[in-house]
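Subject: Handing over the structure

Hello,

Here is the structure that I promised to pass on to you. Please open it beside this message, and then read on for what was found in it.

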Amino acid sequence: MRPLRTISLSVLGIACALTGVALAADPIPESLAEIQPFLEKYCVDCHCADNSEGGLDVTGYPDVAALLRDRRTWGRVYDRLRVNAMPPDDSEQPSTEERQRIVDWLSHTLFTIDCTEPVEPPGVTIRRLNRVEYNNTIRDLIGVDFRPAQDFPSDDVGYGFDNIGDVLTVPPLLIEKYLSAAEQITAAALMTEDEYRIHKTVRASELEQEGGVDAGPRDAKGLYSRGSVWAHFRIRVPGEYRIIVNAAADQAGDEPARMELNLGDDSFATFDVTGDRRPVAYERTLQLPEGRRK
């Protein structure tokens, strides 16, 4: 980020809007001839390669361009000369006219912009969204709490921030993730009536199992004693869902077989399975939040 105290040019290059900067048609000087005698007489003894007090070597600037590249240092020189803080009191002092001439030269060189020259505004980097901004934008535009950017590569960081246009790159892997995310976002946002009604159908042979469970006839699961079967579902849109289980029983004893439906570890329905070897649809409706559910 550049400090505000420089120059802001309009995009069309037809005007200059400046803060703390003077405007003039006079070009910036091309040589140090105007201030070289002053520096040699009053500054070189303390500010040269062999004795650079305060880290300043005034002999290390061959031309005005080099001086402008170190504008901050020469800005401090300008400030000290302007308030008579340089040269120090125990050194030879320039006359008021000499000092003012150098102060004016530095002011013109450091802080004047030549608006007679053609203006070519620098290009503006087209900044992509970082992962947080991408997720928030999808949420605000599409209206689903879906975070596709979680699978994106980590954002590049510069100066402690991950949202700087000149730093954020677009590697090939990110393009692939963008395309994959577009498909997922479309699937989550554009659902037909049937997709809302049937989230997913799982055959008995696809169920995971635990306890007294074995393969049954006609691609069924047989719970011949106490056991459990389950499947995992990815709920992409929170809302009201209907759970349907087709089950039959081979009755034995006075009480019917009993089936319990759980969401995770919590029971939400219990049924007496009364159909004697003939599957019956048992169903319950419940509210499901977004996420992976067992």
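Predicted model: local features only at pLDDT ≥ 70, side-chain atom pairs only at ≥ 80, totals over all residues.

Residues are numbered from 1 along each chain as its sequence is written, and side-chain values use heavy atoms, with hydrogens and water left out.

Let me start with the whole protein. It has seven helices and twelve strands, where helices (H or I, at least four residues) and strands (E, at least two) are DSSP runs numbered from the N terminus. Of the 294 residues, 26% are buried. If contact is taken to mean heavy atoms within 4.5 Å, then 56% of the contacts between residues at least 6 apart in sequence join residues at least 24 apart.

Next come the helix pairs. Two packed helices are described by the angle between their axes and the distance between the axes. The axes are lines fitted to C-alpha atoms, for helices over the stretch in contact, and the angles run from 0 to 180 degrees between N-to-C directions. Angles under 35 degrees count as roughly parallel, those over 145 as roughly antiparallel, those from 65 to 115 as roughly perpendicular, and the rest as oblique.

Helix α3 (residues 71-82) packs against helix α4 (residues 96-111) at an angle of about 150°, and their axes are 10 Å apart. That angle makes α3 roughly antiparallel to α4. Their crossing is left-handed, a word used if the near helix is turned anticlockwise from the far one by less than a right angle, whereas right-handed is used if the turn is clockwise. On the α3 side, the residues in contact are Arg71, Trp74, Gly75, Val77, Tyr78, Leu81 and Arg82, and they meet Arg99, Ile102, Val103, Leu106, Ser107, Thr109, Leu110 and Phe111 in α4. By class, this contact of α3 with α4 has nine nonpolar, three polar and three charged residues, where Ala, Val, Leu, Ile, Met, Phe, Trp, Tyr, Cys and Pro count as nonpolar, Asp, Glu, Lys and Arg as charged, and the others, Gly among them, as polar.

For α5 and helix α6 (residues 172-189), the axes come within 12 Å and cross at roughly 30°. These two helices, α5 and α6, are therefore roughly parallel to each other, and their crossing is right-handed. Tyr134, Ile138 and Ile142 of α5 make the contact with Tyr178, Ala181, Ile185 and Ala189 of α6. By class, the contact of α5 with α6 has seven nonpolar residues, no polar and no charged ones.

The loops also deserve a careful look. In the loop between α3 and α4 you will find asparagine 84, whose phi is near 65°, a positive value in a residue other than glycine. Asparagine 84 is partly exposed, with a relative accessible area of 47%. Proline 87 lies in the loop between α3 and α4 as well, and a cis peptide bond, with omega about -10°, joins methionine 86 to proline 87. Tyrosine 159, in the loop between α5 and α6, has a phi near 60°, again positive in a residue other than glycine, and at 74% relative accessibility tyrosine 159 counts as exposed.

How many disulfides does a search of the whole structure find? The search finds zero, a disulfide being a pair of cysteine sulfur atoms within 2.5 Å. The sulfur of cysteine 43 has its closest cysteine sulfur in cysteine 46, and because the two are 8.7 Å apart, they are too far for a bond. Cysteine 43 counts as buried at 5% relative accessibility, while cysteine 46, at 23%, counts as partly exposed.

Finally, glutamine 184 sits in helix α6 and is partly exposed, with a relative accessible area of 25%. Glutamine 184 and proline 148 are 36 residues apart in sequence, and their C-alpha atoms are 7.5 Å apart in space.

Conventions. Buried < 20%, exposed > 50% of the residue type's maximum accessible area, 1.4 Å probe, protein only.
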